[in-house]
Amino acid sequence: MLRLTTDYTRNLFLILILMLAGCTGQQEEPASMEQNDDRKIGVLLISHGSHSETWRNTLFDLEKKVRERILKNEKTDGIKSAFMEYTEPSIATRLKEFDNEGYTDVVIIPILLTVSSHSFDDIPTIIGQKENPESVEMLKLEKIERYTPKATPHITPLLDFSEILRKNVLRRAKNLSKNPEDEGLVIIAYGSEPYEKEWRDLFDKAAQHVQSETGIDTYSIGWCGHIVRYSPDSTAAAVKRVLDRKKRALVIPSLVAFDENFQIKIIGGGIEKVDDHETRVVYKPDAILPDSNIEQWIVDISDEFATTIR
Amino acid sequence: MAQTTGNTFRKVNTVLHRDLGYFFAALILAYSLSGIALNHVDEWNPDFIISKDEIKLEGLYTKNDITPEVVRDISEKVGETGYRLFDFPSSRQVKIYYKNATLMIDLEKGEGLYEKISRRPVFYQVNVLHRNSVNWWKWASDIFAGMLIIITITGLLMLRGPNGFSGRGKWFFGAGFIPPVIALIFQQL
């Protein structure tokens with residue numbers, strides 16, 4: 001496959017194609033071929049960002065795990081990761097790199113569970129697709145740079161459009177479960193104020209899937225993010241709701257990666273507020289990642305978008 | 001000789017305390033105000049005034065009913081004559097974007113929430129400084145912190161005699177440790 005690496009080479013190639021087209025009189029076909037070959041497609045994995053190094057490394061590991069499989073199909077020319085806030089590499093930094101490297105299209109894959117202000121407003125505002133007034137102001141305060149790339153951005157659907165989350169919660173619940181009849185499931189997630197219904201629906205479905213596969217028929221959902229002002233109380237309340245009806249509660253943190261502040265301080269802190277938590281609460285402070293289904297989903301959706309773009 | 005050196009030290013100490021105090025007074029007030037504002041970040045938004053108005057639509061809509069004309073009609077209800085964009089966060093919602101406002105419509109309920117954002121005067125500006133929202137400001141902030149240390153130390157050493165540090169000052173100084181120590185003990189419990 002001929003890969004054009006500089007603007008200069010690409011322009012020469014374009015001139016050559018146009019000259020040939022002029023000679024043969026077949027203007028449309030070569031022009032169309034040139035347009036397809038000239039595409040340079042990148043994949044950008046975007047996640048929320050965190051002060052936790054463990055959290056960030058999990059996302060870099062995800063990129064490493066999918067890199068070879070994505071590049072193997074030769075439709076995609078490069079892959080990078082970016083964080084929406086807190087640390088570099090930021091979205092703007094990565095988009096500038098793609099532009100400097102001559103990419104024409106960037107497939108943006110948000111590693112986010114479901115709709116939230118981040119996915120719906122903040123990311124599109126950062127990349128210049130929207131101007132949500134609140135996002136514009138917040139991004140300025142948080143020193144998050146906005147950058148409209150020269151490459152065309154294509155944002156993929158979120159993880160909730162697949163069954164990945166249901167399978168993930170089921171696998172982790174099974175690992176903790178000993179006697180489903182005596183157990184209830186507690187799912188703790190970040191949450192979103194304007195989209196609480198969507199978040200609740202998502203985890204209702206996950207919990208119902210666990211119920212149908214394991215017989216664990218009681219569940220409750222708690223939040224640990226901005227919606228509850230990062231308070232452990234929502235976790236404690238969700239655990240208590242289950243323990244009112246069952247002997248043991250299995251607590252599953254439904255967060256993309258491990259962050260000491262969330263899995264230990266907020267969720268762990270909430271569990272510690274529950275009486276008899278040592279004997280009645282089963283909790284493993286893990287995360288949704290690593291998950292081979294998510295890796296495969298990223299590979300598939302990259303391939304799907306790259307195929308459509310080409 | 002020793003008396004002269006001591007007097008010179010006292011004089012420099014006093015001048016430093018006085019003039020640094022004058023120079024940094026505005027910043028001390030700004031950071032104090034912002035500190036109070038940010039302490040209560042869970043109870044209010046210290047940066048922005050977000051006015052919220054709920055509206056009731058005359059009929060119910062589905063996602064397919066939402067056209068630019070319908071969006072314009074709905075926008076008029078909140079006094080907006082034009083919109084920038086509209087988008088669907090979910091099948092039951094449409095969000096309309098204006099210059100300094102948004103309108104989120106719940107199509108199933110026929111209700112809307114109009115939010116208008118503006119910067120909270122004074123607080124927004126002092127919070128920008130306190131949170132280092134200007135890239136290079138953290139260096140100014142570091143210098144300010146260093147100067148606060150100097151202002152504090154020169155303050156401790158300014159007076160002599162029964163009202164100086166070696167007199168009643170040491171007791172007040174020690175008492176100042178009590179509230180943070182109590183807080184730390186509570187945190188460990």
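These legends go with a set of close-up views of a predicted model.

Residues are numbered from 1 along each chain as its sequence is written, while chains are lettered from A and ligands numbered from 1 in the order in which they are written. In this predicted model, local features need pLDDT of at least 70 and side-chain atom pairs count only at pLDDT 80 or more, whereas totals for chains, interfaces and linings use all residues.

View 1. Chain A falls into domain 1 (1–38), domain 2 (39–113 + 116–157 + 292–309) and domain 3 (164–283), with bounds taken from an automatic or database domain assignment. Its secondary structure comes to 12 helices and 8 strands; helices (H or I, at least four residues) and strands (E, at least two) are DSSP runs, numbered from the N terminus. Of the 310 residues in chain A, 42% are buried, and buried here means 20 or more other C-beta atoms within 10 Å of the residue's own, against 12 or fewer for exposed and anything in between for partly exposed, with C-beta atoms placed from the backbone. Take the contacts in chain A between residues at least 6 apart in sequence, and 75% of them join residues at least 24 apart; a contact needs C-beta atoms, placed from the backbone, within 7 Å.

**View 2. Where domains 2 and 3 of chain A meet.** The C-alpha centres of domain 2 of chain A and domain 3 of chain A are 29 Å apart. Each side puts residues into the contact: 14 from domain 2 of chain A and 14 from domain 3 of chain A. On the domain 2 side, the elements giving two or more residues are α3 and α12 (292–309) of chain A. Helix α3(A) gives the most to that side, with 4 residues.

**View 3. Strands β1 and β2 of chain A.** Strand β1 (residues 41–47) of chain A runs parallel to strand β2 (residues 78–83) of chain A, and 6 bridges join them; pairing takes at least two DSSP bridges between two strands. Look for A:L45, which stands opposite A:S81 in β2(A). To get from β1(A) to β2(A), the chain goes through helix α3 (residues 53–72) of chain A, in a right-handed β-α-β crossover. Right-handed means that, with the strands pointing away from the viewer, the path from the first strand over the helix to the second runs clockwise.

View 4. Four strands make an open sheet in the order β6-β5-β7-β8 (chain A), with parallel pairing. Strands β6 (218–223) and β8 (281–283) of chain A sit at the edges with a single partner strand each, so one side of each has no neighbour in the sheet. From one strand to the next, the twist averages 25 degrees. Strand β5 (residues 183–189) of chain A pairs with strand β7 (residues 248–253) of chain A over 6 bridges, and A:I188 stands opposite A:P253 in β7(A). Helix α7 (residues 164–176) of chain A packs on the sheet and touches β5, β7 and β8 of chain A, its direction making about 140 degrees with that of β7(A). Helix α10 (residues 260–272) of chain A also touches β5, β7 and β8 of chain A, at about 165 degrees to β7(A). The axes behind these angles are lines fitted to C-alpha atoms, for helices over the stretch in contact, and angles run from 0 to 180 degrees between N-to-C directions.

**View 5. The antiparallel sheet of chain B.** The domain assignment of chain B gives domain 1 (2–45 + 121–164) and domain 2 (48–119), whose C-alpha centres lie 47 Å apart. Five strands form an open, antiparallel sheet in the order β1-β5-β4-β3-β2 (chain B). Strands β1 (48–56) and β2 of chain B are the edge strands, pairing on one side only. Neighbouring strands are turned by 20 degrees against each other on average, direction ignored. Helix α2 (residues 68–77) of chain B lies across β1, β2, β3 and β4 (101–106) of chain B, at about 70 degrees to β3(B).

View 6. B:F86 is found in strand β2 (residues 85–90) of chain B, which is joined by 4 bridges to the antiparallel strand β3 (residues 93–97) of chain B. B:F86 counts as buried because 20 other C-beta atoms lie within 10 Å. Leaving out residues up to four places away in sequence, B:F86 touches B:V71, B:V94, B:K95, B:I96 and B:Y97. In β3(B), B:K95 is also the bridge partner of B:D87.

Note on methods. Two residues are in contact if their C-beta atoms, placed from the backbone, lie within 7 Å.
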